[in-house]
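Good morning, everyone, and thank you for making the time.

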Amino acid sequence: MKAKLRGHHLICLNFFRGEGYSEDFIRNIYSVVGKENVEIVAGPDEVCARCPYLKDNKCSNGDYTDEKIQFQDKEALKLLGFKPGMMVDWKMISARLPGIMDEWKAKFCMNCGYLEVCFN
Ligand code: SF4
């Protein structure tokens with residue numbers, strides 16, 4: 001089974017602690033992170049598909065514009081050394097995290113609503 005995920009979710013889902021926007025959204029994430037392989041996609045993914053903020057195939061979360069989210073995806077893939085279309089697995093992703101988390105945290109986590117959840 002493979003998941004289809006966008007760039008920033010490859011990083012953020014490593015810190016998933018069972019919290020999210022709705023019960024359905026959370027249940028879906030448990031199923032996504034349980035899949036061994038991941039196909040990297042550009043734009044809305046399997047997580048976004050069950051998100052209350054996905055409107056017209058764009059992220060409409062009040063804290064993030066779609067442009068900001070797409071920028072995060074690009075930066076995540078740049079740091080991880082991956083590209084859309086690649087097949088990866090969670091071991092490959094987590095092996096790269098120690099080398100990139102300082103930069104990722106400084107750029108994106110400090111103003112994120114999940115900061116406390118991820119790093120406490
Ligand atoms: S907030 Fe935006 S990027 Fe995050 S899951 Fe929802 S639609 Fe996708």
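Let me begin with a convention for the angle between two axes: angles under 35 degrees count as roughly parallel, over 145 as roughly antiparallel, 65 to 115 as roughly perpendicular, and the rest as oblique. Please keep in mind throughout that what you see is a predicted model.

With that convention in hand, look at α3 and helix α4, residues 90-109, which pack at an angle of about 135° with their axes 9 Å apart. The two helices, α3 and α4, are therefore oblique to each other, and their crossing is right-handed. On the α3 side the contact is made by Q72, E75, L79 and L80, while α4 brings a list of residues that includes I93, R96, I100 and W104.

Let me turn now to the sheet. In which order do the strands of the open sheet of 3 strands lie? The order is β1-β2-β5, and the pairing is mixed. Because β1, residues 2-5, and β5, residues 87-89, each have a single partner strand, they stand at the edges, and one side of each is left without a neighbour in the sheet. On average, and with direction ignored, neighbouring strands of this sheet are turned by 35° against each other.

Strands β1 and β2 run parallel and are joined by 4 bridges, and here K4 stands opposite E39 in β2. Strand β2, residues 37-40, pairs with β5 in the antiparallel sense over 3 bridges, and in that pairing V38 has V88 of β5 as its bridge partner.

As for A76, if we leave aside its neighbours within four places in sequence, it is in contact with G7, H8, L10 and I11.

A few single residues deserve a look before I stop. E75, which is placed in helix α3, lies 67 residues from H8 in sequence, yet their C-alpha atoms are 7.9 Å apart in space. E75 counts as partly exposed because it has 18 C-beta neighbours inside 10 Å.

N14 sits in the loop between α1 and α2, and, again leaving aside neighbours within four places in sequence, it is in contact with I93, S94 and L97. With 14 C-beta neighbours inside 10 Å, N14 also counts as partly exposed.

Finally, where is D56 found? It is in the loop between β3 (54-55) and β4 (58-59), and N57 has its place in the loop between β3 and β4 as well. Phi of D56 is near 50°, a positive value in a residue other than glycine, and N57, also not a glycine, has a positive phi of about 65°. D56 counts as exposed, with 6 C-beta neighbours inside 10 Å, and N57, with 10 such neighbours, counts as exposed too.

How values were computed
Residues numbered from 1 in each chain as written. Predicted model: local features only at pLDDT ≥ 70, side-chain atom pairs only at ≥ 80, totals over all residues. Pairing = 2+ DSSP bridges. Axes fitted to C-alpha atoms, helices over the stretch in contact; angles between N-to-C directions. Contact = placed C-beta atoms within 7 Å. Left-handed = near helix turned anticlockwise from the far one by under 90°. Buried ≥ 20, exposed ≤ 12 C-beta atoms within 10 Å, placed from the backbone.
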